[in-house]
Amino acid sequence: MNSNPIIILHDLNGKPYYEAIEHHAKSNNIKINYYESSIVKLSIRYIVKKTFGFTAIKKILGNITFRLKVPLIKDKTIIIGMSPYDFRIVWYRYLLNYNNLILSTSHPFWENDNRAPRKYSLFTFIAKFYWKKFLENNKLKIVTVTKKAFYSLNNTYGVHGKIEQIYHSVDTNSFKAQYRKTNDIIKILFVGSFLQSKGLDSIVKLIKEMDPNKFSFTLVGDGGYKKKIKYVFLKENVAYLGFIDDKIRLSKIYNDHHFFLNLSIKSNTWEELFGIVNIEAMASSLIVIASNHIGPSEIIQNGINGYLVNENDSDAVIDIIIGLTNNWDKYMQISNKATLSAQQFNKISIAQQWSDIINASMTNDNHS
């Protein structure tokens, strides 16, 4: 068994994505530490949220110290979540020297440089050169979040034998199925960042078009786009609850609703690559209606355990909601399927997959 400390290095706040590793660490009495690779973004976040105090300074200094010590760090299991072709890999690749290093990635477009989140104009080829050397290093292990990311990376760089696919996880003990019955008001829920890319314009359109006497909307989250749509918060059938990260409270909110919307909009470099909130909603027996993006399409079987729709197709969303509201037997059938499907993302089973790769990586490292 590997009992070495675990370090998770992520762009910003990796905790929501690695609950399964938290479970693995707790089960094996292993210490786990989080660091951020984007110190500037972290600082800006504290300033914007007006929380730049002693705790923030301590965390920023801790991240700076970690970055300076990179070549000296030894005998750790390190999971690094970083976008291609981030130039910082030129420095962080030194972690390969003395550690069990695992790259965790959800990027599904390795074959297409134009869709890489990080580009440096004429210098992108230099970043790509270092990334190629990094990916092909025999000491590196790779975990992709989705099958699409797995095949894209494997086919582009030929990393056979050191790449695994492991989904993000959800604590299904926190988010549990709830029996639902039809009533006078059908409740529709959104949980997520308030960004234009999260399809908030589509949700606003639904709010305007659907009968307020029959359908209500609850919006949970925060972000810059809130200012543009805050006028809908004043409608009688709309409840804005702000940002909530307490799982007990979130679970109660899920259980008080019938449908969950994840109507994201693609850009040149991004689309919904997973969507943990989709799993939370399904585990809570809501019916999820999501844009047909890479992440939702690996979670949802259209018309069986949820629905996939084209972007900006509010008519399709309305038809699904009204159709199931008028056919409660079908609603319950899909709701039950959703609950069962969510179990494959249970953090205990996902933790076992992570345990296998962490322990196998450490064994191979000791024998190399």
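## Terms and basis of the model

A residue is called buried under 20% relative accessible area, exposed over 50%, and partly exposed in between, with a 1.4 Å probe and protein chains only. By this scale Ile 47 is exposed, because its relative accessible area is 54%.

The structure is a predicted model, in which local features need pLDDT of at least 70 and side-chain atom pairs count only at pLDDT 80 or more, while totals for chains, interfaces and linings use all residues. Residues are numbered from 1 along each chain as its sequence is written, and side-chain values use heavy atoms, with hydrogens and water left out.

## A nonpolar surface patch

Ile 47 belongs to helix α2 (residues 39–48); helices here are DSSP runs of H or I with at least four residues, strands are runs of E with at least two, and both are numbered from the N terminus. Together with Phe 52, Ile 57, Leu 61, Ile 64 and Leu 68, Ile 47 makes a nonpolar surface patch of about 570 Å². Helix α3 (residues 54–69) supplies the largest share of this patch, namely four residues.

Such a patch consists of residues with over 30% relative accessible area and no salt bridge, where nonpolar side chains (Val, Leu, Ile, Met, Phe, Trp, Tyr) are joined within 5 Å and like charges within 9 Å. Accessible areas come from the Shrake-Rupley method with a 1.4 Å probe, and for residues only the protein chains shown count as cover.

## Salt bridges

Side chains of opposite charge can pair when their charged atoms come close. A salt bridge is counted when a side-chain nitrogen of Lys or Arg lies within 4 Å of a carboxyl oxygen of Asp or Glu. The structure holds 16 salt bridges. One network of salt bridges links Asp 11, Lys 41, Asp 86, Arg 88 and Arg 118.

Glu 111 and Lys 148 form a salt bridge whose closest N and O atoms are 3.9 Å apart. This pair links distant parts of the chain, 37 residues apart: Glu 111 is in the loop between β4 (100–105) and α5 (124–135), and Lys 148 is in helix α6 (residues 147–157). Glu 111 is partly exposed at 49% relative accessibility, and Lys 148 is partly exposed at 31%.

In the salt bridge of Lys 128 with Asp 113, the closest N and O atoms are 2.8 Å apart. Lys 128 lies in helix α5 and Asp 113 in the loop between β4 and α5, so the pair ties together parts 15 residues apart in sequence. Glu 136 pairs with Lys 132 in a further salt bridge, with the closest N and O atoms 2.9 Å apart.
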